[in-house]
Amino acid sequence: MQNSDVITKLALDPTLYVETMLNVTPEDWQKDVLESLLTYDKISIKSGHGTGKTALLSWIILWWLSCRLPCKIAVTANTSNQLSDILWSEIGKWHRNLPQGFKDLFEFKSDKINLVGVKDSFCVARTARREQPEALQGFHSPNMLFIADEASGIDDLIFQVAEGSLSTPNAKVLLTGNPTRSSGYFFDTFHTMSHRWKNFTVSCHDSQQVNQGFIEDMKTKYGEDSNVYRIRVLGEFPDNSEDSIIPLHLISESITRDIEPSTDDVVWGLDVARFGNDKTALAKRQGNTLLEKVKTWQGKDLMETVGLVVTEYEALPYSKRPTEILVDSIGIGAGVADRLQELVDCQVTPVNVAELPGLQEKYLRLRDELWFLAREWFESRDVKIPEDESLIAELVTPRYSFMSNGKIKVESKEQMKKRGHQSPDLADAFCLTFGSKGAFANVNRNYKWNKPIERDYKWIV
Ligand SMILES: Nc1ncnc2c1ncn2[C@@H]1O[C@H](COP(=O)(O)OP(=O)(O)OP(=O)(O)O)[C@@H](O)[C@H]1O
Ligand SMILES: [Mg+2]
């Protein structure tokens with residue numbers, strides 16, 4: 001068989017290309033998507049975590065570049081890291097399996113793959129940012145392929161700006177992602193626009209690539225009826241009827257987001273354990289950044305707790321030390337705050353979260369207000385937290401409800417325990433950092449579309 005005959009055959013059979021040229025056996029769902037490429041122009045795939053989406057995109061990119069000439073591929077993703085580190089290295093991984101003759105046709109650059117000796121044929125990676133909405137715009141080729149990985153996290157503006165290009169006849173569009181939010185373009189491809197899209201939903205149960213331990217872990221940590229389980233395991237959009245205060249998509253986006261860290265004062269939140277199983281937790285925030293994973297200790301008395309915090313404080317150079325430590329003052333916390341104030345140079349503020357909030361017409365207690373300030377912080381979309389599974393699990397757990405007088409009330413720890421969840425000690429420590437007067441000011445400054453709120457800081461001594 002001539003080389004050109006081989007290519008014609010492979011162009012019509014992407015599964016054969018993947019099996020024979022890349023030497024990998026696709027999962028059944030991956031085969032279904034590969035076959036659908038021959039029939040459909042617009043394909044969107046939502047799935048649980050780790051099912052093989054990014055690998056599949058890499059195979060499709062290599063297949064398209066090998067078999068359609070001339071051709072262009074424009075790829076984007078929610079963050080530059082997802083593109084340059086994750087997707088690009090996945091393409092590199094499968095490229096190494098190609099037979100030598102094919103391998104040499106690809107010239108890799110940090111954001112582009114050129115086809116050697118073929119004019120106007122390449123795959124280019126473009127970061128999707130609101131300030132740079134032309135990621136998928138301005139491309140023309142008889143064989144045009146648009147790809148978006150982690151499409152749920154991509155700003156709608158990117159798709160709006162690209163709408164003309166994406167609808168060009170013969171252009172194929174492929175979106176994949178964890179279905180983290182029930183709104184936006186990716187969501188619409190499964191709903192209002194579903195008549196124009198070929199949809200796939202892939203659960204972790206449908207993929208051999210997912211470790212059973214991950215599924216069990218999600219089940220134990222969040223429960224099978226939780227939104228986290230729906231999104232990360234089942235590949236289903238979150239159910240909006242479950243009123244968790246901080247939606248998972250806001251938290252997930254804050255882990256991978258590229259931000260300019262702010263230079264505001266550092267504030268610490270300290271939630272002191274009240275009962276045997278509870279943990280003492282310490283969160284360190286500087287403006288838009290949670291500086292490190294929340295630290296926890298168990299089974300410590302008042303003096304030991306003070307000693308641990310002082311050690312943390314003294315281990316830091318002056319420039320990195322907090323200007324304020326906010327301590328939950330209920331129970332032994334009051335004693336911790338008093339003793340701590342004698343030992344550190346910064347202000348130590350006892351915070352009684354059962355007291356009245358600053359915005360009394362909106363929240364029942366200060367605790368409710370602090371949780372909603374934390375939510376506003378995530379909503380500003382200019383914030384970053386480290387990958388901290390325990391903190392994330394706690395942040396998405398509490399629900400809220402409205403009292404008959406219209407005030408917002410966050411679910412109590414007792415109610416959460418009844419639903420099988422532990423006390424959210426790490427998340428409470430994080431929320432305490434918003435009890436600082438300085439922190440309020442920062443939130444409101446970043447939160448552009450929100451008018452500054454007049455607050456009454458009665459609890460600050
Ligand atoms: N059919 C397959 N055979 C062998 N390895 C595979 C197959 N599909 C995917 N993989 C590998 O499994 C791992 C997870 O796949 P991948 O990263 O593509 O999943 P994902 O769905 O994109 O995950 P995430 O939800 O984290 O984005 C990768 O190392 C990938 O190379
Ligand atoms: Mg992926």
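The model is predicted, so local features need pLDDT of at least 70, side-chain atom pairs count only at pLDDT 80 or more, and totals for chains, interfaces and linings use all residues. Residues are numbered from 1 along each chain as its sequence is written, chains are lettered from A and ligands numbered from 1 in the order in which they are written, and side-chain values use heavy atoms, with hydrogens and water left out.

The protein chain holds 18 helices and 16 strands. Both are DSSP runs numbered from the N terminus: helices are H or I with at least four residues, strands are E with at least two. Along the principal axes, the C-alpha atoms fill a box of roughly 85 × 45 × 40 Å. Of the 461 residues, 55% count as buried. Buried means under 20% relative accessible area, exposed means over 50%, and partly exposed lies in between (1.4 Å probe, protein chains only). The chain exposes about 20400 Å², an area from the Shrake-Rupley method with a 1.4 Å probe. Carbon and sulfur atoms supply 49% of that area.

A contact means heavy atoms within 4.5 Å. Among contacts between residues at least 6 apart in sequence, 67% join residues at least 24 apart. The chain carries 54 positive and 65 negative side chains. Lys and Arg count as positive, Asp and Glu as negative; His and the chain ends are not counted. The centres of the two sets lie 2 Å apart, with each charge placed at NZ of Lys, CZ of Arg, CG of Asp or CD of Glu.

Helix α17 spans residues 425-432. Eight of its eight residues are buried, so the helix is largely enclosed by the rest of the structure. Among them are D425, F430 and C431.

D149 sits in strand β6 (residues 144-149). The D149 side chain does make a polar contact with the side chain of Q82, at 3.0 Å. Such a contact is a pair of N or O atoms within 3.5 Å; within protein, one must be able to donate a hydrogen and the other to accept it, and residues adjacent in sequence count only if both atoms are side-chain atoms.

R381 lies in the loop between α14 (366-379) and α15 (389-395). At 41% relative accessibility, R381 counts as partly exposed. R381 and S254 are 127 residues apart in sequence and 7.1 Å apart in space, C-alpha to C-alpha. Leaving aside neighbours within four places in sequence, R381 is in contact with H249, L250, E253 and R257.
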